[in-house]
Amino acid sequence: MSKLKAPKVPSLQHLARTWDSDPDKVRKTLVALAKNSPTFSYQLMYELVQDLVHAKIPYEQIEFAIKSRVGRESVRNNFLEILPLVREGMEGIRPSFVHRVVPRHYPLGRGLYVPFSPPFVYGANGVLHMPWFSFWRSNPLSGVRLSLFATVIDEIVEQDPDLEYAEVTILDFSASGAASPRELKKIKLEEIERVDRASLVEMLRIYVSGYEAACRDLEANDFSSLETESENDTQFLLFD
């Protein structure tokens, strides 16, 4: 049997969502995700948001693009559910400029880095804005995971003169329940409680420990400890 590749942590948001105070739970989550990789991403949604805000492409044209370019019905319906909320979230914005953001890489320790890739920044009324889109339908960041996310963003932008003064807003497109429709919630980063420096160092140490254990499991093809876990237990973690 061929060996699986090392687990991927595709963004800072994914790191925060898969973090746990128990490194063994981090390990199990990352191994399970490596075994059952999500079969779609929201990259197209990021591109369409930029078309809506920056290129001023008509909403109806973007809606048609989703219907014609997204082949899988479940994914297509997912995007079409998000699109009107994106329009609501960006409504009234008249940016003087929109710039793509070159990905930054935040060091977690022991040679492990996680990408920080906001899709774009824009200027409006003399203020630099950096929106962060959370397209997950369920289990959005909350509590200590949200605090971890906000704290690491602080560390990144404070060392980056291009982003240092950006106002960060999370646009959360989650639903309150499985049978409920998505709703738009805007969360200003400045309103989120942070973790102190000592707690941050410990949280990252725990994550790196779980990540390294996951790498060892994947290298050995040892998944015996996951036999009680179902795909649904872990699949939601990244893309639902």
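## Helix α6

Of the 16 residues of α6, 12 are buried (under 20% relative accessible area, with over 50% counting as exposed and the range in between as partly exposed; 1.4 Å probe, protein chains only), so this helix is largely enclosed by the rest of the structure. The model is a predicted one, in which local features need pLDDT of at least 70 and side-chain atom pairs count only at pLDDT 80 or more, while totals for chains, interfaces and linings use all residues. Residues are numbered from 1 along each chain as its sequence is written, and side-chain values use heavy atoms, with hydrogens and water left out.

The buried residues of α6 include L146, F149, I153 and V157. They pack against α1 (12-18), β2, β3, β5, β6 and α7 (197-220), where contact means heavy atoms within 4.5 Å. From its first C-alpha to its last, α6 reaches 23 Å, close to the 22 Å expected at 1.5 Å a residue; the expected span is 1.5 Å times one less than the number of residues.

Helices (H or I, at least four residues) and strands (E, at least two) are DSSP runs numbered from the N terminus. In β5, 7 of the 8 residues are buried, so the strand is largely enclosed by the rest of the structure. Strands pair if DSSP finds at least two bridges between them. β5 pairs with β4 in the antiparallel sense over 3 bridges, and G123 stands opposite L128 in β5.

With strand β6 (residues 167-172), β5 pairs in the parallel sense over 6 bridges; the bridge partner of H129 is E167 in β6. From β5 the chain crosses through helix α6 (residues 143-158) to β6, and this β-α-β crossover is right-handed, that is, the path from the first strand over the helix to the second runs clockwise with the strands pointing away from the viewer.

## Positive phi in two loops

β4 and β5 form a hairpin with 2 residues between them. N125, in the loop between β4 (120-124) and β5 (127-134), has a positive phi of about 55 degrees although it is not a glycine. N125 is exposed, with a relative accessible area of 82%.

R110 also has a positive phi of about 55 degrees without being a glycine. It is placed in the loop between β2 (104-109) and β3 (112-116), and R110 is exposed at a relative accessible area of 58%.

## Aromatic pairs

The whole structure holds 9 aromatic pairs. Rings of Phe, Tyr and Trp (its six-membered ring) pair if their centres lie within 6.5 Å; planes under 30 degrees apart count as stacked, over 60 as edge-to-face and the rest as tilted. The rings of F116 and W132 have centres 5.4 Å apart and planes at 10 degrees, so this pair is stacked. F116 lies in strand β3 and W132 in strand β5, so the pair ties together parts that are 16 residues apart in sequence. Both F116 and W132 are buried.

F120 and F133 form a tilted pair, at 6.0 Å centre to centre and 50 degrees between the planes. This pair links F120 in strand β4 with F133 in strand β5, 13 residues apart. F120 counts as buried at 0% relative accessibility, and F133 counts as buried at 1%. F120 and F133 also belong to one aromatic cluster that includes Y42, Y46 and F173.

## The chain overall

The secondary structure comes to 8 helices and 7 strands. Of the 240 residues, 50% count as buried.
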